[in-house]
Amino acid sequence: MHVDWVKLRVSELGTPIVCRTSNCIFVGLPLCQDPGYIELNRKSTLEVVQTGILLNLTPKVLFPVVARFVRHVPRSIARAMHCLVPIIDAQREEMGLHGKSSHYNQNDFLNWLTDEANEEESSHRNLALQILTVNFAAITQPQADIPQTFTQVLYDLTTRPECMEPLRKEVDEIVAHSEWSKDSLDQMHLIGSFIRESQRLNGLGLFSMLRRARRDFTFSNGIIIPVGTQVTTASYSLQRDSANYADPNDFDGFRFTKLAGGKRHAIVPTKGTFLAFRHGKHAYPHRFFAAVEMKIMLAYLVMNYDVKIEAGFRPRNIWIAETCAPDPAGELTFRKRAP
């Protein structure tokens, strides 16, 4: 059966795909595929961000006045309860009959919450609020913005079509001999390397690990950081420095696999020359979830779809001050692969 190519604006796909993938973990099937539920989480996340911007521009003395006009959070909670209450009640009924080991229990976050919540936490409202909160975190992680990062990965993949077959071969071979699992994802070295290289060259901005000194601090070389001073790391420069990477401005999708001698090289390790997830004690703990999610999305895409860019060149990055974002107008063309 012939399947036509479909042109899509990638910036409009990122958040719904991430939301759907995340909720496969958060609430499981079939709710994670419900368009109304996905739109609820996308919209509520956007509204929280917009409200935060508004409050940052508002004097604290006026917060009570502004709060009267912020009605979206109660509405979002009510809509989330409408979606989640039937699932929660069904889980509780089954648990009452067969206990926590009931075969009905899905291995998802909502199920964990239902199992472990204390009396106060177990109300329908609190459970719904926690699901909205983790969705907000999954969509808007500041140092690992998954929708933007995955958009950059797709731009890099379509402008380097020679990488598609090695990636596809790796996924096909692993999935043919094992089910989709954390272990099988850990074996996808080329997938991980490609994502990491995209993060290296097309990160979220010039800087990382912004901090403000809470007291005067003197380094061992005598440099003094006065209280109140903001300090940061030049992640963009570090990740494009020839002292750290060979041919640092060239994209090599399998660079990190080569550096590891063909052995496993995960996305999540941090170091002073790679700061996509920060470093040291300030490294983002959510990087493990983000890495699994991005590998699932890229592996599923290369296994099930052909993708190309008709423009013939990579969509440019958009810079706003020190922040970098993928071109929101970029379009790619997709086609479902034949079985």
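Good morning. Let me begin with Arg 316, which counts as exposed at 54% relative accessibility. The structure on the screen is a predicted model, and every value I quote is computed from it.

What does Arg 316 pair with? Its side chain meets that of Asp 327 in a salt bridge, with 3.0 Å from N to O. Arg 316 lies in the loop between strand 6 and strand 7 (317–320), and Asp 327 lies in the loop between strand 8 (323–326) and strand 9, so the pair ties together parts that are 11 residues apart in sequence. Is Asp 327 buried or exposed? Asp 327 is buried, because its relative accessible area is 8% and the cut-off for buried is under 20%.

Strand 7 and strand 8 run antiparallel and are joined by four bridges. One of the pairings links Ile 320 with Thr 323 in strand 8. The two strands form a hairpin with two residues between them, and Ala 321 in the turn has a positive phi of about 55°. In a regular strand, side chains alternate between the two faces of the sheet.

I return now to charged pairs. Side chains of opposite charge can pair when their charged atoms come close. In total, the model has 12 salt bridges. Another of them joins Asp 306 and Arg 335, at 3.2 Å from N to O. This pair links distant parts of the chain, with Asp 306 in strand 6 (residues 305–308) and Arg 335 in strand 9 (residues 331–336), 29 residues apart. Asp 306 counts as buried at 18% relative accessibility, while Arg 335 counts as partly exposed at 27%. Through shared partners, salt bridges join Glu 165, Arg 168, Asp 306 and Arg 335 into one network.

A contrasting arrangement is found within a helix. Arg 42 forms a salt bridge with Glu 39, and their closest N and O atoms are 2.7 Å apart. Both residues lie in helix 2 (residues 35–56), three residues apart, which is about one turn of the helix. Arg 42 counts as partly exposed, at 29% relative accessibility, and Glu 39 also counts as partly exposed, at 36%.

Let me turn to the nonpolar interior. In soluble globular proteins, nonpolar side chains tend to be buried together. The largest nonpolar core here has 38 residues, and those touching the most other members are Leu 157, Ile 191, Phe 194, Leu 298, Val 302 and Leu 332. Two or more residues come from each of helix 7 (146–158), helix 8 (164–177), helix 10 (189–201), helix 13 (287–304) and strand 9. Which element gives the most to this core? Helix 13 does, with nine residues. As for Phe 194, beyond its sequence neighbours up to four places away, the residues that Phe 194 touches include Leu 157, Leu 167, Phe 251 and Leu 298. Apart from this core lies another, of 21 residues, among them Val 27, Ala 80, Ala 128 and Ile 139.

A polar atom of the Ser 122 side chain lies 2.9 Å from the backbone oxygen of Glu 119. Leaving aside neighbours within four places in sequence, Ser 122 is in contact with Arg 92, Ala 117 and Leu 127. Thank you.

Technical notes
Residues numbered from 1 in each chain as written. Predicted model: local features only at pLDDT ≥ 70, side-chain atom pairs only at ≥ 80, totals over all residues. Heavy atoms only, no water. Salt bridge = Lys/Arg side-chain N within 4 Å of Asp/Glu carboxyl O. Buried < 20%, exposed > 50% of the residue type's maximum accessible area, 1.4 Å probe, protein only. Polar contact = N/O pair within 3.5 Å; in protein donor to acceptor, adjacent residues only side chain to side chain. Contact = heavy atoms within 4.5 Å. Pairing = 2+ DSSP bridges. Core = buried A, V, L, I, M, F, W, Y, C linked by side-chain atoms within 4.5 Å.
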